[in-house]
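Trainee: I would like to learn how to read the features of a structure, one at a time. Please give the general idea of each, and then the case at hand.

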Amino acid sequence: MTSSKAQMHAERSLAGSGGPPVTFDLARAVEDFWVSRERGEFFPGAYFDRLTLDDAYCIQLALIERRIAAGERHIGWKVGLTAKAIQEQFGFYEPVFGCILETLPSGHVFGANELIHPGFETELCMRLAQRLEGDVSIEQARDAVDVLHPSFEIIETRGDIVKQIALALADNAQQRSVVLGAPVRPAADIALEEVETRVRINGREVARGFGSAVLGNPLNSIAWLAGKLGLYGQRLRAGDIVMTGSFVRQFPLSPGDIVAADFSGIGRVEAGMAKT
């Protein structure tokens, strides 16, 4: 998974805010993040304000490589910060990516103390039947999609994403898990930008949104991701799943919550957290 771009960024001079320049060594940074993660510190203080976004992505991919070597499985990608509501929520105005290593079925209930400051985003997850890489059109993205899932991305706020977006990306962009509803094969003429979702927490509707909130059309997330991954020597593989971005703002998930979302013409997804 190590890319040529990662090698290019293995060493470089960084002017940290308020401090002397330091040398960015990718291997050292990955080790520091790995050791910190094992002790429950996901945003190592020594790296505050000292990473570019490129550095952060290189660290993320290298950490995922280590997690795979330790027995986890890389099954897909997330695209985040695609909706204006979420960009405004976090003060960052371009999409980002992360890696998916776990999926769970609709109806899954997390333990009350299982997650770190959790929340959820309401998204269409797409499974690909074809490999995609580089410059991809929305038509090519559409042709590559095998099935759609109504879904929740379960996120963890493991640090200050607003002040330290680069560290959040290095720490895999808040990703924790993905809860998938039943798969649906998309009709050839489906207008994903017109799909509406209604989100409920404990039976009360808290938001409505449309696919158009996701870069104009959720398929644009796949096209963006294919191009962005190419910069880091990566590609979308047949069989990968892609979380394309939330239709509405991010919501917290608290003990005792039951959350549900209905996607027009596609289906429903549910998840929850135990009270104790």
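Trainee: Are Phe33 and Tyr47 buried or exposed?

Mentor: A residue is called buried when its relative accessible area is under 20%, exposed when it is over 50%, and partly exposed in between, using a 1.4 Å probe and protein chains only. Phe33 and Tyr47 are both buried. This is a predicted model, so local features need pLDDT of at least 70 and side-chain atom pairs count only at pLDDT 80 or more, while totals for chains, interfaces and linings use all residues. Residues are numbered from 1 along each chain as its sequence is written, and side-chain values use heavy atoms, with hydrogens and water left out.

Trainee: How many aromatic pairs does the structure hold?

Mentor: Rings of Phe, Tyr and Trp (its six-membered ring) pair if their centres lie within 6.5 Å; planes under 30 degrees apart count as stacked, over 60 as edge-to-face and the rest as tilted. The structure holds eight such pairs. One of them joins Phe33 and Tyr47, a tilted pair with 5.3 Å centre to centre and 50 degrees between the planes. Phe33 lies in helix 2 (residues 26-38) and Tyr47 in the loop between helix 2 and helix 3 (53-69), so the pair ties together parts that are 14 residues apart in sequence. Helices (H or I, at least four residues) and strands (E, at least two) are DSSP runs, numbered from the N terminus.

Trainee: Which parts of the chain does the pair of Phe120 and Phe251 link?

Mentor: Phe120 and Phe251 are stacked, with 5.9 Å centre to centre and 25 degrees between the planes. The pair links distant parts of the chain, 131 residues apart: Phe120 is in strand 7 (residues 118-128) and Phe251 in strand 13 (residues 251-252). Both Phe120 and Phe251 are buried. Ring pairs can also join into a cluster, as they do for Tyr57, Trp77, Phe97 and Tyr232.

Trainee: How many cavities of 30 Å³ or more are there?

Mentor: On a 1 Å grid over the protein atoms alone, a cavity is a set of points where a 1.4 Å probe fits but cannot get out, and a pocket is an open set with protein on both sides within 12 Å along at least five of seven lines; lining residues have an atom within 4 Å of a point. Grid points are joined across faces, edges and corners, and a volume is the space filled by probe spheres set on the points. The structure holds three cavities of that size. The largest cavity has a volume of about 100 Å³. It is lined by 14 residues, with Lys78, Leu81, Val96, Ile161 and Gln174 closest to its centre. Helix 6 (165-170) is among the elements that supply at least two lining residues each, together with strand 3 (76-80) and helix 4 (84-90). The largest share, three residues, comes from helix 6.

Trainee: How do the residues of that lining divide by type?

Mentor: Ala, Val, Leu, Ile, Met, Phe, Trp, Tyr, Cys and Pro count as nonpolar, Asp, Glu, Lys and Arg as charged, and the others, Gly among them, as polar. The lining of the largest cavity has nine nonpolar, three polar and two charged residues.

Trainee: What lines the second largest cavity?

Mentor: Its volume is about 80 Å³. The lining residues include Phe33, Arg37 and Arg67. Helix 3 gives the largest share of this lining, four residues. By type, the lining has five nonpolar, two polar and three charged residues.

Trainee: Which residues lie nearest the centre of the largest pocket?

Mentor: The largest pocket has a volume of about 180 Å³. Of its 13 lining residues, Arg37, Arg67, Arg158, Gln175 and Arg176 lie nearest the centre. The lining divides into three nonpolar, two polar and eight charged residues.

Trainee: How many bridges join strand 14 to strand 15?

Mentor: Two strands pair if DSSP finds at least two bridges between them. Six bridges join strand 14 to strand 15 (residues 267-273), and the two run antiparallel. They form a hairpin with three residues between them, and Gly265 in the turn has a positive phi of about 75 degrees. Strand 14 (residues 258-263) is also joined by five bridges to strand 10 (residues 196-201), again antiparallel.
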